Amino acid sequence: MRLIQLHDEPWDSGLAHYALTLAGELKRRGHELQFWAKAGSWAYEKARSAGLATRQIRRPWAELPALRRELREFKAELVNAHTGSSHSLAAALSAGIGFPLVRTRADARAAKTHALARVLARRTAAFVAAHGGIALDLRRSFPGSRVEIIPQGIEPLSASALPSEPNIGILGRLDPVKGHADLAEALARVPKARVLAAGSGRQLSELQATLKQFGVEGRFELLGFVDDLPSFVARCRVAVVASRGSEAVSRAGLEWMSAGRPLIATEVGCLPELVLDGVTGRLVPPQNPAKLAAAIDDCLATPGRAEEWGRAGRARYESFYTVSGFAERTEKLYRELL
C-alpha cells in the first residue's frame, strides 16, 4: 500500500510515539510510506533519523496546493491523520481525490462535536481509538462512524529475573499528572520498600519538598533521565504507574509488562485495559495513596506473587501489545477500507 502518516504536533508525546511506531513498522513490512510532519518538530526529526521518507509542513494551508500535487504524484492510497488539525488538513487534501481518510485518536481529551467536527466525521472512512474509552467517546460523539480499537504496540524490553530487594520502579517525566507525590505518600506506609524514579521534569523541586514532608527522601531515589532503561528495570521488583489522568497510551506501562514486571496502576486512560487486576498486577483509584500502598505491600509481602504477576504481564504483552500485532491490525483496517 502507498500510505501517508500525517502528524503535526511539535513536541514529544504519546501521539507522536503512536504515529512513529506505526510508520516504522509499516515501512519494515514493505509498504511505501511517507511521514508528513510539522517542520522542525520532534516527530519530524525522529522520523528522518529512522530513515522514513519525510515531508516538512511549515504553513499547511498556504502549502495546500503543493501538498495536493505531491500527494497525487506519490499516488497515495490512504492518509492517516493523528491530530485534530492534521485531520482537517487531510480532509482538504482529499477533496476531489477520493482516498480513504483515517483519523487516529490517542489522546485523553474528549472528542469535539462542533459543526466542523461532524462534517469531518462524515468524510472520515474510519476512526482508530487507542483504547476502549476513546472508542466509546467517538461512538457517542459521531453515531454511525466506523470506530476500531487498535492499541499501540512497542518493542519489548528484555525480561530479567526479579531482584529480591523491595524496589518499586516508576518511569516517566516529573509532572503532577504522573502521580509521584501520591507514590511518595504511599511509600511512607510501606516502610521496607524503596522507590527508584527514572525521569526528569519541571516538578523536581516540588517533589523533593514532598519527599521531605513524608519523611521518605532517603527511600525515594530520583535518578533523572536514564539512558540504560533495561538496567534500570532490572533493579525493580514491582512497577508503578501512579498517574492522576491522561495515559491514553501508556508506553511506560507496556515497557514494564514486556519486561515481566508486576504492574500497580491507577484506573485512568488505557491502564484498566493493560492490567488484569489480580492477574498481572493491581488497579487502584487515582490519587489514593492508601490503596496504592496496600497494593504495593500485598505484592511484596505475598511469596511468589510478584513473579506470578510478572509472568502473566509478559504473556499479556506478547498476546496484545507487540509491534507486529499493532501493524497487522492496522493493515487489516487499511485493506478493508481500500
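**Entry 1: the second pocket**

I looked up the second largest pocket and found a volume of about 490 Å³. By pocket I mean an open set of points on a 1 Å grid over the protein atoms alone, where a 1.4 Å probe fits and protein lies on both sides within 12 Å along at least five of seven lines. The volume is the space filled by probe spheres set on the points, with grid points joined across faces, edges and corners. Everything here comes from a predicted model, where local features need pLDDT of at least 70, side-chain atom pairs count only at pLDDT 80 or more, and totals for chains, interfaces and linings use all residues. Residues are numbered from 1 along each chain as its sequence is written, and side-chain values use heavy atoms, with hydrogens and water left out.

I then listed the lining, meaning residues with an atom within 4 Å of a point. There are 22 such residues, and G84, S85, R103, R105 and K112 lie nearest the centre of this second largest pocket. I take helices (H or I, at least four residues) and strands (E, at least two) as DSSP runs, numbered from the N terminus. By class I get nine nonpolar, six polar and seven charged residues. Here Ala, Val, Leu, Ile, Met, Phe, Trp, Tyr, Cys and Pro count as nonpolar, Asp, Glu, Lys and Arg as charged, and the others, Gly among them, as polar.

**Entry 2: the largest pocket**

Next I turned to the largest pocket, with a volume of about 1600 Å³. Of its 47 lining residues, D12, S13, G14, H17 and R251 are the closest to the centre. Helix 1 (14-28), helix 2 (42-49), strand 8 (167-171) and helix 10 (251-258) each supply at least two residues of this lining, and helix 1 gives the most, with eight. The lining divides into 21 nonpolar, twelve polar and 14 charged residues.

**Entry 3: helix 2**

Which residues of helix 2 are buried? I found A43, Y44 and A47, with buried meaning under 20% relative accessible area, exposed over 50%, and partly exposed in between (1.4 Å probe, protein chains only). Seen down the helix axis, these buried residues fall within an arc of 100°, so they line one face of helix 2; the arc is that of the directions from the axis to the C-beta atoms. Their cover includes strand 1 (2-7), helix 1, strand 2 (32-38) and strand 3 (53-57). After helix 2 comes G51, with a positive phi near 85°.

**Entry 4: strand 11**

I checked strand 11 (residues 238-241) and found both faces covered: V238 and V240 on one side, A239 and V241 on the other, all buried. Strand 11 pairs in the parallel sense with strand 8 over three bridges, and with strand 12 (residues 263-266), also parallel, over three bridges. Two strands pair if DSSP finds at least two bridges between them. G169 has A239 as its bridge partner in strand 11, while V241 stands opposite A265 in strand 12.

**Entry 5: two single residues**

Leaving out residues up to four places away in sequence, D182 touches A242, R244, Q287, P289 and L292, where contact means heavy atoms within 4.5 Å.

R118 sits in helix 5 (residues 115-122) and is partly exposed, with a relative accessible area of 41%. With that sequence exclusion of up to four places, R118 touches T113 and F142.
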